[in-house]
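Have the viewer open as you read.

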Amino acid sequence: MQPCREGIRSYTSEVMLGVKVCWGSETMTVELPERTPVWSSAVWNGGSKLASRIMNRMVRTGFDCSDPVAYMQETCLQQGYAPESTVGLMTAAKVTHASVMEEEGDGFSLLCVTTAGTGNAARAGLPRQVYSAYEPLKPGTINTIIVLDGRLAEAAVWNAVITATEAKSAALDDLGVIDKETGGVATGTTTDAVAIAIVDSGRYEVVHRYAGAATTLGAAVGRLVYGTVAEAVRTQREDDGPLFE
């Protein structure tokens, strides 16, 4: 579902207390119930951090991304967010088109939000034009945020990142998204990002040690990432909906 396009500015999770997804015209945030461990490839506070909010910031074509860290810090301050407890992603895709899915399962609850555009779709593993990692690049285009209530070994968190990436690639394959440079089916874009927040509310006692596609947890991660990527990609060029007409 795409709550923002249906006129909903704030979506409250039905499976996790205190988790909300909120929208402005160029910003989407996932609000967490407390400072929570977040693992991410985010441009702002990436890596492993404690955060109370994950922000997905939309930037326009022609954005000067020579110093994205300074830009994200300034954005946090302008929005009234504490920079030190905010994880920040950037995207050129419409945040209004974010797709949201959630479910409860075998010792866990799970929410997934994805924004997607495929203008810089790419197939990993094939020769292509490349750039140094310390040079400015375009902002992330497929951004996936996962919030999980449950108990996970740290290895299972990284396992979930792998499963999420596999599911994203499967969705792009099924949609026939092509890397224009190589002609191959895209496995992602050149600048994707992922964030996983682990909220341990105490509801579940079991510890998930794995999150591969054959586990109950991994299968759920795969389904929700696949579903949200597919919906966000399919609708990326459609209108924003009633909130921003």
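## Helix H1 and what follows it

Just past the end of H1, Gly80 adopts a positive phi of about 80°. Keep in mind that this is a predicted model.

H1 itself covers residues 68-79, twelve in total. From first C-alpha to last, H1 reaches 16 Å, close to the 16 Å expected at 1.5 Å a residue. Which residues of H1 are buried? They are Met72, Thr75 and Cys76. Looking down the axis of H1, you'd find these buried residues within an arc of 100°, so they line one face of the helix. The buried residues of H1 pack against strand E4 (47-58) and strand E5 (86-91). On the face of H1 turned away from the buried side sit Leu77 and Gln78, both exposed.

Now for the greasy parts. In soluble globular proteins, nonpolar side chains tend to be buried together. Here the largest nonpolar core counts 33 residues, and Leu110, Ile146 and Val225 have the most contacts inside it. At least two residues of this core come from each of strand E7 (108-115), strand E9 (143-149), helix H2 (154-175), strand E12 (193-199) and helix H3 (216-234). H3 gives the largest share, nine residues. Apart from this core lies another one, with 28 residues, including Leu32, Ile54, Val87 and Val100.

Leu110 is a handy one to click on. Setting aside residues up to four places away in sequence, Leu110 touches Val15, Met16, Met101, Glu102, Glu103, Ile146, Val147, Leu148, Ala220, Val221 and Leu224.

## A salt-bridge network around Arg203

How many salt bridges does the structure hold? There are nine. Among the residues involved, Glu104, Asp149 and Arg203 are linked in a network.

Take the Glu104 and Arg203 pair: their side chains meet in a salt bridge at 2.7 Å, N to O. This one links distant parts of the chain, with Glu104 in strand E6 (residues 99-105) and Arg203 in the loop between E12 and strand E13 (207-208), 99 residues apart. Glu104 counts as partly exposed, at 46% relative accessibility, and Arg203 is also partly exposed, at 44%.

Arg203 also meets the side chain of Asp149 in a salt bridge, at 3.6 Å, N to O. That pair joins the loop between E12 and E13 to strand E9, 54 residues apart. Is Asp149 buried or exposed? Asp149 counts as buried, because its relative accessibility is 3%, and buried means under 20%.

Another salt bridge pairs Asp192 with Lys168, the closest N and O atoms being 2.7 Å apart. These two also sit in distant parts of the chain: Asp192 in the loop between strand E11 (188-189) and E12, Lys168 in helix H2, 24 residues apart. Asp192 is partly exposed at 21% relative accessibility, while Lys168 is buried, with a relative accessible area of 12%.

Then there's Glu231, found in helix H3. Glu231 is buried yet has no salt bridge. Where is the nearest side chain of opposite charge to Glu231? That is Arg234, 5.3 Å away. As for contacts, leaving aside neighbours within four places in sequence, Glu231 is in contact with Met1, Gln2 and Ser99.

Terms used. Residues are numbered from 1 along each chain as its sequence is written. This is a predicted model: local features need pLDDT of at least 70, side-chain atom pairs count only at pLDDT 80 or more; totals for chains, interfaces and linings use all residues. Side-chain values use heavy atoms; hydrogens and water are left out. A nonpolar core is a set of buried Ala, Val, Leu, Ile, Met, Phe, Trp, Tyr and Cys residues joined through side-chain atoms within 4.5 Å. Buried means under 20% relative accessible area, exposed over 50%, partly exposed in between (1.4 Å probe, protein chains only). Helices (H or I, at least four residues) and strands (E, at least two) are DSSP runs, numbered from the N terminus. Contact means heavy atoms within 4.5 Å. A salt bridge is a side-chain nitrogen of Lys or Arg within 4 Å of a carboxyl oxygen of Asp or Glu. Lys and Arg count as positive and Asp and Glu as negative; His and the chain ends are not counted. The expected span of a helix is 1.5 Å times one less than its number of residues. The arc is that of the directions from the helix axis to the C-beta atoms.
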